[in-house]
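Morning, everyone. Please look at the sequence and the model on the screen before I start.

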Amino acid sequence: MRDGVFYAPLNPPLLLSPSPTPTSVNNSIAASNQNMLVSVFLALFLPCIGMSAVFLVYICLLWYAASHQAEIPPPVKAAPEKGLSASQLEKLPKLTGKELILGTECAVCLDEIESEQPARLVPGCNHGFHLECADTWLCKHSVCPVCRAKLDALFFVASNENPC
C-alpha cells in the first residue's frame, strides 16, 4: 500500500470448485440410464397397447356383425314369369299359314306351318306360330319365342287395355 491506495493483485487466485465425488457421477449416470430404459420401455409398450386395442375393437365389430346378421331377411325370390290368360290369348290375331309375313317355320316345334293350318301372330314383332304351339308357349311365357319381346308391353299397351 502506497500513499493510502490499495492495489489489487493482478492475478486473482483461481477459485476452483471441488471436484465431483465419484458417487455423484455414478448417480447421474444411473439416472440417465434409468431415463433411457423408461423411454425404451414406453417406445415398445405403447404401440403394443395400441395394437391390442385396435384388435379388440375389430373382434367386437365381428361379433356384432355376426350376431345381427340373422336379423336381415333373406332376399325375396322373384316371382316366376307368368304366361298370358285365356282371354288374353283370344285377343291375339289368328290367321292361316299363307297369310304369315316373316316366314312359315314355327319356332316352338320347328316344323313348317302349312298354308291352310291355323296360326297365331304375335303383335308388334309379327312372328307367327302354329295355333296350338303358340297357345302352349304363351300360357307359360309372356314373351315371343323368337325375339323375346314382352307381349303385354307390345300388344296390350298398343290396344290401350290393361293386362291386369
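First, the ground rules. This is a predicted model: local features need pLDDT of at least 70, side-chain atom pairs count only at pLDDT 80 or more, and totals for chains, interfaces and linings use all residues. Residues are numbered from 1 along each chain as its sequence is written, and side-chain values use heavy atoms, with hydrogens and water left out.

Now the overall make-up. The chain has four helices and three strands. Helices (H or I, at least four residues) and strands (E, at least two) are DSSP runs, numbered from the N terminus. Read from that end, the order is α-α-β-β-β-α-α.

How much of the chain is buried? Of its 164 residues, 19% count as buried. Buried means under 20% relative accessible area, with exposed over 50% and partly exposed in between, using a 1.4 Å probe and protein chains only. The chain exposes about 12900 Å², and carbon and sulfur atoms supply 66% of that. Those areas come from the Shrake-Rupley method with a 1.4 Å probe.

Next, contacts, meaning heavy atoms within 4.5 Å. Take those in the chain with a separation of 6 or more: residues 24 or more positions apart account for 42% of them.

On to the sheet. It is open, has three strands in the order β1-β2-β3, and its pairing is antiparallel. The edge strands are β1 (94-96) and β3 (128-130), each pairing on one side only. Strands pair here if DSSP finds at least two bridges between them. Neighbouring strands are turned by 45° against each other on average, direction ignored. Those angles use lines fitted to C-alpha atoms as axes, on a scale from 0 to 180 degrees between N-to-C directions.

Let's take the pairs in turn. β1 pairs with β2 (residues 118-121) over three bridges. Thr96 stands opposite Pro118 in β2. Three bridges also join β2 to β3. There, Ala119 has His130 in β3 as its bridge partner. β2 and β3 form a hairpin with six residues between them. Gly124, in the turn, has a positive phi of about 95°.

Last, the core. Which residues touch the most other members of the largest nonpolar core? Leu138 and Leu151 do, in a core of 18 residues. A nonpolar core is a set of buried Ala, Val, Leu, Ile, Met, Phe, Trp, Tyr and Cys residues joined through side-chain atoms within 4.5 Å. β2 and α3 (131-140) are the elements that give two or more residues to this core. The largest share, four residues, comes from α3.
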